[in-house]
Amino acid sequence: MGEAALAALTSLADPSLLVMLLAGVVAGLVIGLIPGLGGTGAVAVLMPVTFGMEAPQALALLIGALAVVHTSDTVAAVLLGAPGSASASVTMLDGYAMARKGQAARALSLAFLSSMAGGLIGAVGLTLAIPLAGPLVTSFGSPELFMLTVLGVALAAVLSRGNVAKGLVAGSLGLLLGMVGTSPTTAEYRFTFGSLFLGDGFSLVAVALGVFGLAEIASRVGQRGTTRGEVRLGGGWLAGVREWAGHWAHVLRGSLIGIWAGVLPGIGATAGTWLAYGQAVATAKDKRKFGKGDPRGIVGPESANNSVEAGDLIPTLLFGIPGGVPAAMLLGMLLTYGVQPGPAIVTDHLDLMYLIVWSFAIASVLGALLCFLGTRWLARLTEVPFAVLGPGLVVIMLLGAFQESGQIGDLWVMVALGVVGWLLKATGFPRAPFLIGFVLAIPLERYYFLTDRVYDGFGWLARPWVLVFLAILVAPCVLALVRGVRARRAGVRATDSGPVEPQDEAVLADSPWSLLTAAGALALFAAGFVVAGGYSEEARLVPQLICAAGAVVSAWLLWREWTGIRRRKDSGGAPGAGGGPASGTGASAEAEAGSGLASGSGTAPAPVPAEEREGVLVGAATAEATAIAAGPEATAAATRGEAAGARNEVAVAGRTFAWMAAFLVLVALGGYIAALLLFVPAFLLYVARARVRTVVAYTLVAAALVGILPALLPVDLPIGLLPPM
């Protein structure tokens with residue numbers, strides 16, 4: 001293994017690899033500044049660029065971006081109080097408070113160095129996992145690999161924030177979508193309805209960019225300005241560097257927590273950073289400064305967010321089970337290059353494993369260095385309203401989805417899945433299990449039938465590691481059940497673990513929209529079960545099992561949503577608020593203040609200082625008393641206000657997707673450049689309300705960049721039906 005590690009390091013002397021690594025780092029830093037994209041957006045946007053590259057160059061580009069995307073998302077959190085990603089919201093608590101005191105440079109230096117250290121420690125963890133887990137992985141057969149695929153989807157769903165039922169439904173929907181196309185066992189077409197376009201299944205890039213990228217644009221495009229005032233950088237860079245060295249224990253603990261959170265499927269950087277913040281609070285003797293500019297509140301979370309991405313790669317590469325959404329996309333990219341993660345990668349592609357390790361470590365250092373040098377310019381990008389960024393992102397994402405198959409049909413699929421992704425996000429369904437299920441659908445089916453053909457009956461269930469995986473699968477369900485029973489006895493609403501979707505963005509949760517989503521999922525599973533009945537026995541077995549399981553959970557979720565709406569209606573509560581007039585008070589408010597930090601083991605470190613949490617509770621109690629004193633008129637007004645807000649969210653998203661559909665119509669008619677020249681200025685003028693000067697410059701730059709791309713990269717532009725003028 002030492003020889004493979006040295007060979008991988010030597011290969012980085014290749015100029016093409018270094019250029020790709022540097023390009024990935026720069027792209028990751030820029031994407032990290034854009035709210036909502038994060039590692040998923042970085043990999044999804046860059047993956048189409050890798051088509052036509054060799055595997056080492058493609059990995060260097062993607063790993064370079066993935067390693068630093070959480071380094072730059074801190075800039076907006078500290079300077080504007082508007083985090084570039086959900087995980088950076090943890091840093092915002094103390095980072096923005098420090099910046100308001102004129103110590104922004106000090107806060108950023110603490111964050112950049114911690115992110116760099118987290119990335120390096122994460123790379124070390126990945127390095128150690130190779131010799132430790134290598135012999136174990138090579139001893140696995142098809143039963144263990146099948147159980148690992150089941151475990152990957154199930155844990156991503158069970159450990160989702162919000163509730164387990166929604167996570168299981170989302171995971172089942174992803175599995176069902178992944179089975180569209182050719183059956184891996186019988187070469188039989190499934191769920192294609194006679195369409196040749198669906199014969200190869202759905203494109204991973206189109207699915208990921210639709211469910212995450214376009215959905216994020218639709219949910220944020222209404223933001224036409226920044227929410228907080230600008231904060232000056234000031235001095236204190238060296239002071240932050242010296243102070244960071246004194247908090248090495250928090251750096252180490254935060255990094256280890258991040259690796260652990262990355263190994264568990266579906267947990268992600270958000271939960272990892274909150275857990276790191278919680279341990280920093282729990283282990284501190286003086287907790288009064290947290291939330292008011294305490295450096296420990298920056299060092300711990302920032303160490304965790306980069307190490308999470310390295311931790312994600314451990315199960316992805318060694319077991320073929322993605323730890324998170326970016327890792328799931330990376331897994332799909334490896335499969336397109338003929339690299340099978342799991343036992344095969346340890347024996348046949350060990351050089352690629354160590355190339356990933358070295359790329360992650362070098363990118364972490366480069367990312368921190370570039371952030372130190374370019375913070376003043378990066379800070380200016382954070383001041384651009386998301387509505388202005390929207391059309392450019394749409395153009396880039398749709399162009400990226402076109403590269404894999406060269407069919408405009410993929411773009412329509414992407415927009416349709418964007419609607420699905422927005423609806424899942426708005427109604428509180430976690431999207432990570434959906435994409436993980438989509439990626440693992442075919443491996444799950446393939447490993448099951450391999451197991452069934454090699455072993456008679458279900459004797460393989462008695463294999464030692466299969467029993468271990470079954471225990472791991474059952475443990476979170478039992479713990480969740482125990483917590484639920486204890487919560488009911490205490491009269492407190494139970495919350496699930498590990499934030500995957502920020503709950504304050506689930507604007508339509510506990511509303512008729514959530515009810516309709518559950519009903520739609522039930523109808524889809526029922527239809528899938530019926531359609532699959534027309535296939536051969538082998539081709540229909542797994543789809544029908546998934547549809548049956550999904551239908552049962554969807555039916556239970558539908559009943560729960562219905563009874564919840566009726567109960568809130570009877571008590572005079574506001575749909576979408578998650579409760580009645582007193583929603584957000586008491587235990588619920590405390591859970592919100594704690595940002596849902598329960599881990600899969602049932603521990604719940606307190607991420608918010610006690611005095612701030614008490615302030616939330618006191619404020620909520622005061623609001624409740626005021627509402628009661630004001631009478632039913634105030635309650636009715638609050639209900640109408642929340643309903644109006646939900647309608648506005650739906651209207652904004654609907655108009656955004658209509659704009660995207662119009663852009664695709666223009667592409668089909670006149671080609672990509674012509675459509676861009678019409679779509680971008682119209683969107684900027686009528687949606688973003690941008691100045692004419694900005695619109696002209698933006699449009700010309702976008703058209704020029706898209707126009708020269710085919711000359712620089714292996715990129716094709718869609719051609720319209722009408723001949724060019």
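## Helix packing and selected residues in a predicted chain

In the predicted model, helix H26 meets helix H27 through Tyr 672, Ile 673, Leu 676, Leu 677, Val 680, Pro 681, Leu 684 and Leu 685, whose partners in H27 are Val 695, Tyr 698, Thr 699, Ala 702, Ala 703, Val 706 and Gly 707. Contact here means heavy atoms within 4.5 Å. The residues of this contact of H26 with H27 comprise 13 nonpolar, two polar and no charged. In this classification Ala, Val, Leu, Ile, Met, Phe, Trp, Tyr, Cys and Pro count as nonpolar, Asp, Glu, Lys and Arg as charged, and the others, Gly among them, as polar.

The model is predicted, so local features need pLDDT of at least 70 and side-chain atom pairs count only at pLDDT 80 or more, while totals for chains, interfaces and linings use all residues. Residues are numbered from 1 along each chain as its sequence is written, and side-chain values use heavy atoms, with hydrogens and water left out.

The chain contains 27 helices and two strands. Helices (H or I, at least four residues) and strands (E, at least two) are DSSP runs, numbered from the N terminus. Of the 725 residues of the chain, 56% count as buried; buried means under 20% relative accessible area, exposed over 50%, and partly exposed in between (1.4 Å probe, protein chains only). The accessible surface of the chain comes to about 28,800 Å², and carbon and sulfur atoms account for 67% of that area. These areas come from the Shrake-Rupley method with a 1.4 Å probe, and for residues only the protein chains shown count as cover. Among contacts between residues at least 6 apart in sequence, 81% join residues at least 24 apart.

**Helix pairs**

The axes of H26 and H27 come within 9 Å and cross at roughly 155 degrees. Axes are lines fitted to C-alpha atoms, for helices over the stretch in contact, and angles run from 0 to 180 degrees between N-to-C directions. H26 and H27 are therefore roughly antiparallel to each other. Angles under 35 degrees count as roughly parallel, over 145 as roughly antiparallel, 65 to 115 as roughly perpendicular and the rest as oblique. H26 passes H27 in a right-handed crossing; a crossing is left-handed if the near helix is turned anticlockwise from the far one by less than a right angle, and right-handed if clockwise.

For helix H9 (residues 204-220) and helix H18 (residues 409-426), the axes come within 7 Å and cross at roughly 55 degrees. H9 is therefore oblique to H18, and the crossing of the two is right-handed. Among the H9 residues in this contact are Leu 209, Leu 214, Glu 216, Ala 218 and Arg 220, and those of H18 include Asp 410, Met 414, Trp 422 and Lys 425. The contact of H9 with H18 divides into eleven nonpolar, four polar and four charged residues.

Helix H19 (residues 432-454) and helix H22 (residues 537-571) have axes that come within 11 Å and cross at roughly 120 degrees. H19 is therefore oblique to H22, and their crossing is right-handed. Leu 444, Glu 445, Tyr 448, Phe 449 and Arg 453 of H19 make the contact with Glu 538, Ala 539, Leu 541, Val 542 and Pro 543 of H22. By class, the contact of H19 with H22 has seven nonpolar, no polar and three charged residues.

**Individual residues**

Ala 218 lies in helix H9 and counts as buried at 2% relative accessibility. Not counting residues up to four places away in sequence, Ala 218 touches Trp 422, Val 652, Ala 653, Thr 656 and Phe 657. Ala 218 and Gly 390 are 172 residues apart in sequence and 8.5 Å apart in space, C-alpha to C-alpha.

Ala 245 is placed in helix H10 (residues 237-245) and counts as partly exposed at 46% relative accessibility.

Phe 193 belongs to the loop between strand S2 (189-190) and H9, and Arg 689 to the loop between helix H26 (672-686) and helix H27 (692-712).

| Non-glycine residue | Phi | Relative accessible area |
|---|---|---|
| Phe 193 | positive, about 55 degrees | 68%, exposed |
| Arg 689 | positive, about 55 degrees | 60%, exposed |
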